[in-house]
Amino acid sequence: MTTTTAPDDKGARKRRGMLGPTGRPKSFDTVALTIALALILLVGVPLLNVAVDIFWQDGGFGLDAVKNTLAIPDLGELILNTVVVVAASSVLAVVIGTLIAWANERTDARMGLLNDVLPYLPFLLPPIAGAVGWTMLLSPKAGLINAWLRDGLDIIGIHLDSGPFDINTWYGLVMVYTIYAVPYVYMNVSAALTTFDSSLEEASRLSGAGYLTTLRRVTIPALAPSIGAGLLLCTWFGFGMFSIAAIIGTPADIDVIAVRIVHLLTFSYPPEEDLALGLSTIVMIFVGLSYYVQYRVLRNSRFSSIAGKSTTHQITRLGKWRPVVRGLVLLYVVLSTVLPMAGLFLVALNGYWTPKIQWDSLGFDAFRTALAEDPKTQQAFTNSLGLGLIGGLIGIAAAAIFSIYLAQHRNKATQAVDAAIKLPSSISHMVIAVGILLLLGGSPFYLGGTWLILLLGYLAIYLPQASIASDAAVAVVGRELAEASKISGGRDWKTLLRIYAPLMLPGLVAGWALLFIRIVGDLTASAILSGTNNVVVGFRILEVFNGGSYATLAALSATLVLVTGAVLLLVIWTSRRFGVAKSRTGH
């Protein structure tokens, strides 16, 4: 009787490329899976530690952390403040981000490449630098814009001693949160509008439905998943944001959970870890509720599906409203990037914070004092730039290796691993940082106050962004070239170096730049994991802000903007150079 080979025996697995010539797992696959496991453990273990520590104290089960958290005198106000800021800014970001995406993708108001870049400009200005910039513009007495407005009102007989605006208020805090949340909505909605077939809208209007009816019954249902994803990202961003709340909210006595957690761990002695754990759990609950609401909305609603290989886009002619829409988009750019950057550089070049700018005596004294004469600041920049460079390289290299493995072995198991790697993108950075500090800061690792704990924290928090960038870079290459390399006898590592690496380079450089900018400009994790022995730029800016040296503060923030700007220029240059090279060689 003839026997057949089982479909999952060693020979079948070798033919599918899972085993090497010797019958053992291939080294590339082993390395890729090891990297994936390490990335999952880097986030999963600290989060599990947070969950366990809530109920396990002093070697036994207990509810002390829960009881102490519930006993915080102003807990209700703290939660209410956080929810109001996050909810208000998220709703505004959804409206603004959706409108900008619509103007960019579906109307004749788009301004070419400029429109593609504009919504992402807030990423050029790290949140801590943006918050400092707005403080210097709209502080009630010394704010530059306020002072200039008061001078203008004096001309028409209106005299004000302060204001008319105050950044240290509810509307100021919500405004800055909104500015930094808009790109999360724009990225999702813009991508959906690109693939959404506008003929569905045309069919609705031809059947007699008006613009509003079509919007309510066709467009919004089709975009609902993307809008929901953007709203979820805004919620995640808002609950974990520390720098904006600390710089703008604290002077206004608007206390939020993220700021309180940092104070409990960093500015209290001994650190009140039980309360920090309890508040971190509250953040996890709210983010979990946001997930659940989105899940229920997606499950109980009907969405338009888009099928087919191509889509058509009907461009809306705005007529006389075209310059108005363009002006509103440019206004967002001015508010999100231009004005706060101008405030930082004016104060830094002037040498001190005053609305009376001495235009003829602008100089670089503040930069010289901050960067050349302050050893602590020099150390902070050295640490941050080193962490950004090394963390970016490690992160994008690890993400690229697993993305290539995922492209070659796409199945339910590898997709589950990929989802686990991207999990931190949906969890508050504050919670992850707390988990890493409690797990690695004390016994038996004693990494608190070291360079390594910062590196691990940054990798845990920002690797999902590297993974997304590397996935996109791998998708550009496709599977045909890799398969041709294997047929020609090229092994996995040779294929990686000869095929994938050159073609993925622009995308990988962009991913590295994103990691570098995020790490160098981070304050959320730095406020928890950094200290006097491992000071970084974000923590140093917070120290200078608390000390009241505003020219130095502006110089540090402006230098941070220059660094991120230089990195973005490097990315643009690399993309154009290698893009041209590939087009000339026919790739």
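Reader: Which helices each supply at least two residues of the lining of the largest cavity, and which of them gives the most?

Author: In this predicted model, the helices that each supply at least two lining residues are helix 8 (170-195), helix 10 (211-240), helix 19 (451-477) and helix 21 (492-520). With three residues, the one that gives the most is helix 10.

Reader: What is the volume of the largest cavity?

Author: The lining of this cavity consists of 19 residues, and nearest its centre lie Pro 127, Met 241, His 429, Tyr 462 and Arg 518. By class, the lining has eleven nonpolar, six polar and two charged residues. The volume of the largest cavity is about 280 Å³.

Reader: Which helix gives the most to the lining of the second largest cavity?

Author: The second largest cavity has a volume of about 40 Å³, and its lining includes Thr 82, Tyr 177, Met 241 and Ile 257. Eight residues of this lining are nonpolar, two are polar and none is charged. Helix 4 (75-106), helix 10 and helix 12 (257-266) give two or more residues. The most, three residues, comes from helix 4.

Reader: How many helices and strands does the protein have?

Author: Of the 587 residues in the protein, 51% are buried. Among contacts with a separation of 6 or more, 76% join residues 24 or more positions apart. The elements of the protein are two strands and 24 helices.

Reader: What is the mean pLDDT of the protein?

Author: A pLDDT of 70 or more is reached by 79% of the residues. Over residues 1-19, by contrast, the pLDDT is below 50, and it is also below 50 over residues 303-310. The mean pLDDT of the protein is 78.

Technical notes: Residues are numbered from 1 along each chain as its sequence is written. This is a predicted model: local features need pLDDT of at least 70, side-chain atom pairs count only at pLDDT 80 or more; totals for chains, interfaces and linings use all residues. Side-chain values use heavy atoms; hydrogens and water are left out. Helices (H or I, at least four residues) and strands (E, at least two) are DSSP runs, numbered from the N terminus. Buried means under 20% relative accessible area, exposed over 50%, partly exposed in between (1.4 Å probe, protein chains only). Contact means heavy atoms within 4.5 Å. pLDDT is the predictor's confidence in each residue, from 0 to 100. On a 1 Å grid over the protein atoms alone, a cavity is a set of points where a 1.4 Å probe fits but cannot get out, and a pocket is an open set with protein on both sides within 12 Å along at least five of seven lines; lining residues have an atom within 4 Å of a point. Grid points are joined across faces, edges and corners, and a volume is the space filled by probe spheres set on the points. Ala, Val, Leu, Ile, Met, Phe, Trp, Tyr, Cys and Pro count as nonpolar, Asp, Glu, Lys and Arg as charged, and the others, Gly among them, as polar.
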